[in-house]
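Open the model in a viewer and keep the sequence beside it. The stops below say what to select and what is there.

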Amino acid sequence: MLSGARAWLLALSLRGTCTLPSAVARRCLHASGSWRSADKSEKTGNAPRVFDPALLEFLVCPLSKKPLRFEASTNELINEELGIAYPITDGIPNMIPQAARMTHQNKKQEEMEQH
């Protein structure tokens, strides 16, 4: 489970916003030390984070609730059953269905195109 400070940072990065945190969030971040480490990594220009495959134990497709497969070559989480791929940005999977791309067409569509 994520601590309050890490959950806030994850939510902020997923939203893609740069709004300043509330006073309560700043106190939590300051107390946990996460704020300083987040500032430090931005200033030093560290390389982008890599996806941790251990997260696959907890992550499932938000549409089918089935397990996902990590594809390192494309840096995506793949749902074979639905044929969709969720992008991973800076080590954080974007599990919003609208952000997913189709990996292959439905079998029915493929058969119809062949005839």
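The tour goes from a serine to a ring pair and then to a nonpolar core.

This is a predicted model, in which local features need pLDDT of at least 70 and side-chain atom pairs count only at pLDDT 80 or more, while totals for chains, interfaces and linings use all residues. Residues are numbered from 1 along each chain as its sequence is written, and side-chain values use heavy atoms, with hydrogens and water left out.

**Ser64.** Select Ser64, in the loop between α3 (34-44) and β1 (69-71); helices (H or I, at least four residues) and strands (E, at least two) are DSSP runs, numbered from the N terminus. Ser64 has 18% relative accessibility and counts as buried. Buried means under 20% relative accessible area, exposed over 50%, and partly exposed in between (1.4 Å probe, protein chains only).

**The ring pair.** Next, show Phe51 and Phe70, whose ring centres are 5.0 Å apart with planes at 40 degrees, so the pair is tilted. Rings of Phe, Tyr and Trp (its six-membered ring) pair if their centres lie within 6.5 Å; planes under 30 degrees apart count as stacked, over 60 as edge-to-face and the rest as tilted. Phe51 lies in the loop between α3 and β1 and Phe70 in strand β1, so the pair ties together parts 19 residues apart in sequence. Phe51 is buried at 4% relative accessibility, whereas Phe70 is partly exposed at 23%.

**The core.** Finally, select Phe51, Cys61, Leu68, Leu77, Ile84, Tyr86, Ile88 and Met95, the eight residues of the largest nonpolar core. Such a core is a set of buried Ala, Val, Leu, Ile, Met, Phe, Trp, Tyr and Cys residues joined through side-chain atoms within 4.5 Å. Strand β3 (residues 84-89) gives this core its largest share, three residues.
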